[in-house]
Amino acid sequence: MNVEIVEAVTLDEHGFVTLDQLALAAELPVEELRALVDYGALAPVDPAATSWTFTASWVVVARTAGRLRRDFELDAHSLSVVLSYVRRVEALEAELRALHARQG
Amino acid sequence: MKYKDYYAILGVAKDAGAEDIKKAYRKLARKFHPDVSKEKDAEEKFKAMAEAYETLKDPEKRAAYDQLGSHAQGQEFRPPPDWEQHFARGQTSFDDVDLADLFAGLGGGQGFRRRADPKSPMPGRDYEAAVRVTLEQAFHGTEVQLDLSVPEYDENGVAHRVPRMVTVRIPRGVTDGQKLRVPGKGGHGVRGGRAGDLYLDIAVSPHRLFRADGLDLFVDLPLAPWEAVLGASIELPTPAGPVQLKVPAGTRAGQQLRLTGRGLARPDGSAGNLFAIVQIAVPTVLDDAQRALFRQLEEGSTFNPRAHFEREAAP
């Protein structure tokens, strides 16, 4: 039996997605993603470009946004505030992990 | 089909009003939502309550759910025949159907048929799976076999749970908490809709020697006092195999000896470092000869490790 092996791709700064692809991944309308960009919760590579692209690392943030939007029934502004807190918590957790790794 | 007691999951009475249901859901969501909660099994609990809320908040879905009557949580049951007609175009088996799949995307005034609009393409669902790897697997890359239970739609538009096996190649250099995407390996699209993606949440198991921070690795390096003072060449384990490490003379406890590029490495060429953190280990059992040697060192040495106490404490 042939077993198909598929490649997992990392969602980091080396990959890029369009606004439409980001909306599909987040399961959010494009307009809501535009609002999140306006509120500073998402950052396209070049905000001045006519069609936005994002580094693939934003897929993770956008999917979190989609979950929070649906599960807490938030509007775009509230969502951008919650996202900023989620990201702060993630940054602090990363710092804590780094300290544990260094100190044992 | 297995019964799920949505009212019990949300902790509300069967005759609870829409506002009470919303309030109960919000309270539980605040506690268990995986993005904001660190409760044990938060994700699993949240999935159950989100599924319950998704059905009970919609009057049409709730009415259909209520027609199922009362059963024990998890009990196998057969829905009434007229109830099944809501969901399928023809005769269909509901044996391997999950209530969540049945209610997903239905209601909201569009009737119960999933494919009310038979023309528009429908993208496949995205799936998420947790993948745990060892640090060695993260270092070298690995292949993991995932046994998923996924919904697939029959010709009547009913989603049946089917097993799907996917073997995924995980690239080297993955880190704890990282998300990966496997394009096109989510649910099948319908009517030409694109296939969904499979998202993997990577967890790296703790290692008995190495600790990771991003691509950097840390290992404790115990040295005997004489190795730290005189310097030494010691064998240090690394995920790629042991290497000889030159410890310079006069190495202090807490010092980090860096082995450049010996941490985790990614296919794009980025690589972390391995840091050996020096600990001075002292022998706790000495024979007479060894004790005499330490005494001799004590008497002959002018070294004062607390000289700064005198300087700092001076008025």
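Asp5(B) counts as buried, at 16% relative accessibility; buried means under 20% relative accessible area, exposed over 50%, and partly exposed in between, with a 1.4 Å probe and protein chains only. The residue lies in the segment before α1 (6-10) of chain B. Helices (H or I, at least four residues) and strands (E, at least two) are DSSP runs, numbered from the N terminus. Leaving aside residues up to four places away in sequence, Asp5(B) touches Lys14(B), Tyr65(B) and Gln73(B), where contact means heavy atoms within 4.5 Å.

This is a predicted model, in which local features need pLDDT of at least 70 and side-chain atom pairs count only at pLDDT 80 or more, while totals for chains, interfaces and linings use all residues. Residues are numbered from 1 along each chain as its sequence is written, chains are lettered from A and ligands numbered from 1 in the order in which they are written, and side-chain values use heavy atoms, with hydrogens and water left out.

Chain A comes next. Chain A holds 4 helices and 4 strands, and along the sequence their pattern is β-β-β-α-α-β-α-α. The radius of gyration of chain A is 16 Å, whereas a compact globule of 104 residues would have one near 13 Å. That radius is taken over C-alpha atoms, and the globule rule is 2.2 Å times the number of residues to the power 0.38. The C-alpha trace of chain A spans about 45 × 45 × 30 Å along its principal axes. Of the 104 residues in chain A, 41% are buried. Among the contacts in chain A with a separation of 6 or more, 56% are between residues 24 or more positions apart.

The accessible surface of chain A is about 6000 Å², and carbon and sulfur atoms account for 56% of that surface. Such areas come from the Shrake-Rupley method with a 1.4 Å probe; for residues, only the protein chains shown count as cover.

Side chains of opposite charge can pair when their charged atoms come close. Over all chains, a search of the whole structure finds 22 salt bridges, a salt bridge being a side-chain nitrogen of Lys or Arg within 4 Å of a carboxyl oxygen of Asp or Glu. One of them joins the side chains of Glu31(A) and Arg34(A), at 3.6 Å from N to O. These two residues are separated by about one helical turn, because they are 3 residues apart in helix α2 (residues 30-38) of chain A. Glu31(A) is exposed, with a relative accessible area of 55%, and Arg34(A) is partly exposed at 34%.

In chain B, the side chains of Glu298(B) and Arg295(B) meet in a salt bridge of 3.1 Å, N to O. Glu298(B) and Arg295(B) lie 3 residues apart in helix α9 (residues 288-300) of chain B, so about one helical turn separates them. Glu298(B) is exposed, with a relative accessible area of 51%, while Arg295(B) is partly exposed at 47%. Elsewhere, salt bridges that share partners join Arg63(A), Arg67(A), Asp35(B), Asp126(B), Glu128(B), Arg181(B), Arg194(B) and Asp197(B) into one network. A further salt bridge pairs the side chains of Glu54(B) and Lys57(B), at 3.9 Å from N to O. Both partners are partly exposed, Glu54(B) with a relative accessible area of 39% and Lys57(B) with 37%.

Arg67(A), a member of that network, is also among the residues touched by His33(B). His33(B) lies in the loop between α2 (18-32) and α3 (42-56) of chain B and is buried, with a relative accessible area of 0%.

Asp41(B) is found in the loop between α2 and α3 of chain B. Asp41(B) has a positive phi of about 55 degrees although it is not a glycine, and is partly exposed, with a relative accessible area of 43%. In chain A, Glu27(A) has a phi near 55 degrees, a positive value in a residue other than glycine. Glu27(A) lies in the loop between α1 (19-26) and α2 of chain A and is partly exposed at 48% relative accessible area.
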